[in-house]
Amino acid sequence: MDFKNKVILITGASSGIGKQSAIEFAKKGAKLILVARRKDKLELVAKELEKFHTTILVCQCDVSDKDQVKEMSKTVLEKFNSIDILVNNAGFAIYGTVSSLSIDEIESQMNTNYFGMIYCVKNFLPSMIEKKSGHIVNVASVAASFGLPGIASYCASKFAMLGFSEGLKHELKGTGVGITVVSPIMVRTDFFDHPSFEKMPKFSPTSLSSKTVANAIIKAANSPRLEIITPSIVRGAVWFKHTFPYLINPILGKAFKNISDSKK
Ligand SMILES: NC(=O)c1ccc[n+]([C@@H]2O[C@H](COP(=O)([O-])OP(=O)(O)OC[C@H]3O[C@@H](n4cnc5c(N)ncnc54)[C@H](OP(=O)(O)O)[C@@H]3O)[C@@H](O)[C@H]2O)c1
């Protein structure tokens with residue numbers, strides 16, 4: 001796909017995967033709307049993108065707040081009329097067992113990772129449907145396919161994102177608008193800087209770079225597929241889990257529980 005002059009909105013663009021996606025889309029001549037809560041960080045990203053001589057709009061917005069998303073979308077649609085690609089990437093996790101996390105901590109992950117995506121879809125989808133084109137890219141995780149100890153509520157938010165996307169994909173058939181989920185394994189970003197991960201190993205030797213995931217997002221922006229799992233070999237593990245759940249779930253559960261127990 002030729003992204004030149006395409007209008008692309010990325011949530012969570014102030015760091016990690018979102019920031020790298022902004023860089024990769026800008027290299028291709030796309031116009032970018034950068035959304036996140038930390039305005040200073042977004043402005044640094046916008047500065048970094050100046051060398052690509054494209055239009056950049058910085059929007060400070062907490063996606064978990066539906067009024068802020070509505071206000072942000074009004075500003076964006078006034079300036080650009082519609083967007084071509086919506087990348088719902090803002091997200092975070094709090095590490096901890098269900099017993100140790102508070103209800104507020106569990107809710108906050110759902111509010112950003114799931115409802116934040118819904119608020120953006122609800123505000124931008126009508127204009128995409130009206131012009132009969134556009135694509136939504138939802139950044140989930142392999143945690144959308146595996147419920148794991150220590151991140152149960154994070155997994156739930158990503159399972160929800162995948163289920164919603166699958167349902168919406170059926171609804172969008174014939175409208176000209178597409179939706180694709182990108183599900184990476186661990187990625188080397190600030191994601192694990194949350195204090196709850198303090199005692200956990202940050203990255204494994206197999207962790208991906210944010211550039212690898214950004215490239216998957218670019219591929220997803222023009223893909224007929226529901227889900228792109230990165231790296232693609234992990235698709236085999238997801239198939240294996242769904243086909244032989246009684247075999248794979250106890251092994252995975254034990255392995256992840258051993259990691260968390262050893263860090264107590
Ligand atoms: N890193 C991994 O191992 C990994 C693996 C699979 C999937 N993912 C997913 O990839 C996405 C990006 O994560 P990352 O790894 O790039 O982590 P990151 O570097 O921590 O970036 C997270 C981004 O989300 C933004 N954000 C968080 N809460 C927000 C809110 N309420 N409103 C608006 N923006 C918000 C942050 O910006 P502000 O703080 O400025 O708001 C930041 O730009 C997440 O959805 C994550 O679940 C990550």
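**Briefing: parallel strands, ligand shell and backbone details**

Strand 1 (residues 7-11) and strand 2 are paired in the parallel sense through five bridges, where pairing requires that DSSP find at least two bridges between two strands. Helices (H or I, at least four residues) and strands (E, at least two) are DSSP runs, numbered from the N terminus. The structure is a predicted model, in which local features need pLDDT of at least 70 and side-chain atom pairs count only at pLDDT 80 or more, whereas totals for chains, interfaces and linings use all residues. Residues are numbered from 1 along each chain as its sequence is written.

- Strand 1, helix 1 and strand 2 form a right-handed β-α-β unit; a crossover is right-handed if, with the strands pointing away from the viewer, the path from the first strand over the helix to the second runs clockwise.
- Strand 2 also runs parallel to strand 3 (residues 56-60), to which five bridges join it.
- In that pairing, L32 has I56 of strand 3 as its bridge partner.
- From strand 2 the chain passes through helix 2 (residues 39-49) to strand 3, and this β-α-β crossover is right-handed.

**Burial of strand 2**

- Strand 2 (residues 31-36) is mostly covered, with six of its six residues buried.
- A residue is buried if 20 or more other C-beta atoms lie within 10 Å of its own, exposed if 12 or fewer, and partly exposed in between, with C-beta atoms placed from the backbone.
- In a regular strand the side chains alternate between the two faces of the sheet.
- Both faces of strand 2 are covered: K31, I33 and V35 are buried on one side, and L32, L34 and A36 on the other.

**Packing of helix 6**

- Helix 6 (residues 210-220) has as its buried residues S210, V213, A214, A216, I217, I218 and A220.
- These buried residues pack against helix 1 (16-27), strand 4 (85-88), strand 5 (134-139), strand 6 (177-184) and strand 7 (227-230), a contact being a pair of residues whose C-beta atoms, placed from the backbone, lie within 7 Å.

**Ligand shell**

- The ligand is surrounded by 29 residues, of which G12, G16, R37, R38 and G91 are the closest; a residue is near a molecule if its C-beta atom, placed from the backbone, lies within 6 Å of it.
- Helix 1 and helix 4 (103-130) each supply at least two residues of this shell, and helix 1 gives the most, with three residues.
- The shell comprises 11 nonpolar, 13 polar and five charged residues.
- Ala, Val, Leu, Ile, Met, Phe, Trp, Tyr, Cys and Pro count as nonpolar, Asp, Glu, Lys and Arg as charged, and the others, Gly among them, as polar.

**Backbone details in loops**

- The peptide bond from T230 to P231 is cis, with omega near -5°, and P231 is placed in the loop between strand 7 and helix 7.
- H53, a residue other than glycine, has a positive phi near 50°; H53 belongs to the loop between helix 2 and strand 3.
- H53 is exposed because 8 other C-beta atoms lie within 10 Å.
- K132 is not a glycine, yet its phi is positive at about 60°; K132 sits in the loop between helix 4 and strand 5.
- K132 is exposed, with 10 other C-beta atoms within 10 Å.

**Position of F244**

- F244 is in the loop between helix 7 (234-243) and helix 8 (245-262).
- F244 is exposed, since it has 10 other C-beta atoms within 10 Å.
- F244 and V139 are separated by 105 residues in sequence and by 26 Å in space, C-alpha to C-alpha.

Technical notes
Two residues are in contact if their C-beta atoms, placed from the backbone, lie within 7 Å.
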